[in-house]
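Welcome, and please have your viewer ready. We will go from stop to stop, selecting a few residues at a time.

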Amino acid sequence: MTKKLHLLLLSVLVFVSAIKAQDPVFSQFYAAPLHINPAFAGVTEAPRFTFNYRNQWSSWPNAYATYAASYEQTIETLNSGFGFIIMADNAGDGIYKTNRFSAVYGYRVQASDELFFKFGAEVGLIQTSINWDKLVFGDQLDPINGPTTDPSNEDRPESLSRTAADISAGLLIYANNIYGGVSLKHLNSPNENFLQLNENLNAGAPMRLTIHAGMDFALGQGNNRNNDAFISPNIMFIKQGPFGQLNVGSYAGFGRFYGGLWYRHTLSNADAAILLLGFRQGILRMGYSYDMTLSELATAPGGTGGTHEIALTINLDDSRVLQRKKRAARYNNCFKMFN
């Protein structure tokens, strides 16, 4: 498949994505917890910074690239946590861009000595823009030579940028070594569309439902030099509009190293196998994951090249002082994979 046809196909995919308004989802969701559920705000005792990069379908030049950064911390005296999220999504080599900024708040309720509830809320803005000049339409295609430089007769939208408010909420339940949660993104269905052709296009972004759960099993206690060893099986289900995905796998940490393996299914076909390798030292954690395509796209001309992700976490909760206090208090944390 030529690069020109790649770009044409990307243009089609970008418009489908714009109309359906599907959110990007990080394969390393545990390294971007606020993107999954706002109730995760403040699950660590000290401030935490996360940085994420995702390059989807790397064989297609600049097909889909997502960047994100977040900050969060807890306010113990108020049983609360708060945070901020910034995300930029670039689809089709700059054809369709999405920028998001939101504030997140979580409130903790202790039901018993071991059972806790956390309620989360997220309020923010979504800004979308489209580069009309990069699009290729049907009247710009030559039957023999393919895409041409002739101008299109398609009507150009009055505005190529749109900003809308966005509201989300979530619930987290945890006790000892088990947790579960549910979140609802885009409760107000923010309108991200540029083409006002029919009622369906004006309906706004479909609400995204996420259900996730996991457990943590200790394999050995660490010390001042090494982290605890543990394994954490987990599952995540996401449904947005007509599309959905199911992630099933396990995360494990052994001293300074951690890794994981997941299987992702799109509810209609196998999608990808996800492999993770990472390193952690003190307050720093860095992970790399690769999504190996299992669907028919893997055998398409040129293939997808898989998906690459890099995640960096700076968690002050992992400082030696706090770790010593937790060991002395026999602190049990079911969110080790998220920390």
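A cavity here is a set of points on a 1 Å grid over the protein atoms alone where a 1.4 Å probe fits but cannot get out, and lining residues have an atom within 4 Å of a point. Points are joined across faces, edges and corners, and a volume is the space filled by probe spheres set on them. By this rule there are four cavities of 30 Å³ or more. The model is predicted, so local features need pLDDT of at least 70 and side-chain atom pairs 80 or more, while totals for chains, interfaces and linings use all residues. Residues are numbered from 1 along each chain as its sequence is written, and side-chain values use heavy atoms, leaving out hydrogens and water.

Start with the largest cavity, about 220 Å³ in volume. Select His 35, Met 87, Arg 100, Glu 122 and Lys 185, the closest to its centre of the 19 lining residues.

Keep Lys 185 and Glu 122 selected: their side chains meet in a salt bridge (2.7 Å, N to O). That term means a side-chain nitrogen of Lys or Arg within 4 Å of a carboxyl oxygen of Asp or Glu. Both Lys 185 and Glu 122 are buried, meaning under 20% relative accessible area with a 1.4 Å probe and protein chains only.

Next, select Arg 48 and Glu 72, another salt bridge, with the closest N and O atoms 2.6 Å apart. Both residues are buried. The structure holds nine salt bridges.

Methods: On a 1 Å grid over the protein atoms alone, a cavity is a set of points where a 1.4 Å probe fits but cannot get out, and a pocket is an open set with protein on both sides within 12 Å along at least five of seven lines; lining residues have an atom within 4 Å of a point. Buried means under 20% relative accessible area, exposed over 50%, partly exposed in between (1.4 Å probe, protein chains only).
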